[in-house]
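Please examine the structure shown below with care. The questions after it are meant for a reader who is new to protein models.

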Amino acid sequence: MTPTPHLTETTARPERLAPFQQVERSLHPQAGTATVDIVVPVYNEERALPGCLRTLHARLAADFPFPWRITVADNASTDETLATARRLADELPGVGVVHLDRKGRGLALRTVWGASDADIVAYMDVDLSTGLDGLLPLVAPLASGHSDLAIGSRLAPGSRTVRGPRREFISRCYNGIIRLTHGVRFTDAQCGFKAARTEVLKPLLQVTRDDAWFFDTELLLLAEHNGLRVHEVPVDWVEDVDTRVDVVNTATDDLRGLWRMARFKASGGARVDVPSRPAPAAEHPDAVLAPAARRGALSWEVGCFLAIGVVSTVGQALLYWLLRGWWSPAVANLVSLFVLTVLNTEANRRLTFRYSTAPPVRTHLGAGGLFVLGYLVTSGAVLWFKSIAPGASTAAETAILATASVAVTCVRFAVLRLAVFTSAPRRTR
């Protein structure tokens, strides 16, 4: 476990941590009290930094209803970035500077966020590619306590992006890989526009390891793995081609990071003791509630599993019928059963047993064992039918296969519920 770095002489030097800028309540009658620390990590950004800070400062001073400050996190820049940041901090109230001796956006965020005394910490890229209209929607659900982390998303419905086809393609592929391999629900892991409640963030920072660009993805994977509520904000995003990001190398490092996180979650090391949230309660004083013990869980699981099972059975039968024209019964059944088993397991993981904390690797391995059982049973049924009725049509074979699949489906539900998805339900937060 990697401890959270603090602002020490060996890792970071706080040139000046600015006081929070208080809100003029006559201009913002609904002003909140949660303090917000907005971090801008920079490396060799002497050209972009002045425009960023002046624009952000003006927007916060005019429209932001929470006490705020801006912290520039200089990642061992070799140009005049640090001197520029100091000059701007003298010029603009509420702007502070932290200097780190090593490069890495993840290192900068973990260091400054881990030492922040703000209620909410956020960060944005220095190029301000993400529209600042999304800042208040990013922070508001955290200030109210409704959500734990908030992220800007370029891929959520309602987002608008202006960027080249190469970055668009790489971004969509990468986020698709995350959803496929980790089963996450967020859509955009690496938009440079995120915020979090400090009390739930700091335990996560204790187990993050990446110092570079994968830090964002790592943090989100840990948050969702530990049952935190992640809020997505559709954003406007305009690509700035003057970037320090090597897209190809970053994508390669991210793929290695995803593999590391899969192993980390499978080992159990990704479980973090985060502050708990009160259990859901009815707002209406006269609400009539079902018994508290897993209200409607079995009904939901049975109904959802049956629906998925029907679709899977029909899908397997159709695929078998299509493949039977080229392959033998055993091979056609093997391929159709394998394809539908993978799809069926993923659907059950996301829908039927959605409150289970069993990791994706475990669920698919468990389903793999059931796959072997299902293949033996269904293949045996088809071969037995062929032995007693050698002249039977493919349609008759398909009917026997479907009947055997129904029996296997019942066994699958019992085993999945009692053995594969036996982890405790996701902790109420």
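This is a predicted model: local features need pLDDT of at least 70, side-chain atom pairs count only at pLDDT 80 or more; totals for chains, interfaces and linings use all residues.

Residues are numbered from 1 along each chain as its sequence is written, and side-chain values use heavy atoms, with hydrogens and water left out.

Q: How many disulfides does the count give?
A: A disulfide is a covalent bond between the sulfur atoms of two cysteines. The rule applied here asks for a pair of cysteine sulfur atoms within 2.5 Å. By this rule, the number of disulfides is 0.

Q: Is cysteine 52 buried or exposed?
A: Buried means under 20% relative accessible area, exposed means over 50%, and partly exposed lies in between (1.4 Å probe, protein chains only). Cysteine 52 has a relative accessibility of 1%, so cysteine 52 counts as buried.

Q: Is cysteine 304 buried or exposed?
A: The relative accessibility of cysteine 304 is 11%. The limit for a buried residue is under 20%. Cysteine 304 therefore counts as buried.

Q: How are helix 11 and helix 12 oriented to each other?
A: Helices (H or I, at least four residues) and strands (E, at least two) are DSSP runs, numbered from the N terminus. Axes are lines fitted to C-alpha atoms, for helices over the stretch in contact, and angles run from 0 to 180 degrees between N-to-C directions. The axes of helix 11 (residues 360-388) and helix 12 (residues 394-420) come within 9 Å and cross at roughly 150°. Angles under 35 degrees count as roughly parallel, over 145 as roughly antiparallel, 65 to 115 as roughly perpendicular and the rest as oblique, so helix 11 and helix 12 are roughly antiparallel.

Q: How many nonpolar residues are in the contact of helix 11 with helix 12?
A: Ala, Val, Leu, Ile, Met, Phe, Trp, Tyr, Cys and Pro count as nonpolar, Asp, Glu, Lys and Arg as charged, and the others, Gly among them, as polar. In the contact of helix 11 with helix 12, 5 residues are polar and 4 are charged. The number of nonpolar residues there is 17.

Q: How are helix 9 and helix 10 oriented to each other?
A: Helix 9 (residues 297-323) and helix 10 (residues 329-352) have axes 9 Å apart and pack at an angle of about 155°. Their contact has 15 nonpolar, 9 polar and 1 charged residues. An angle over 145 degrees belongs to the antiparallel class, and helix 9 and helix 10 are therefore roughly antiparallel.

Q: What is the phi of asparagine 44?
A: Most residues other than glycine have a negative phi. Asparagine 44 lies in the loop between strand 2 (36-42) and helix 1 (49-63), and asparagine 44 is buried, with a relative accessible area of 16%. Although asparagine 44 is not a glycine, its phi is positive, at about 50°.

Q: What is the phi of alanine 76?
A: Alanine 76 is placed in the loop between strand 3 (68-75) and helix 2 (81-91). Alanine 76 is buried, with a relative accessible area of 17%. Alanine 76 is not a glycine, yet its phi is positive, at about 60°.

Q: Is lysine 265 buried or exposed?
A: Lysine 265 has its place in helix 8. The relative accessible area of lysine 265 is 9%, so lysine 265 is buried.

Q: Is aspartate 273 buried or exposed?
A: Aspartate 273 belongs to the loop between helix 8 and helix 9. With a relative accessible area of 65%, aspartate 273 is exposed.
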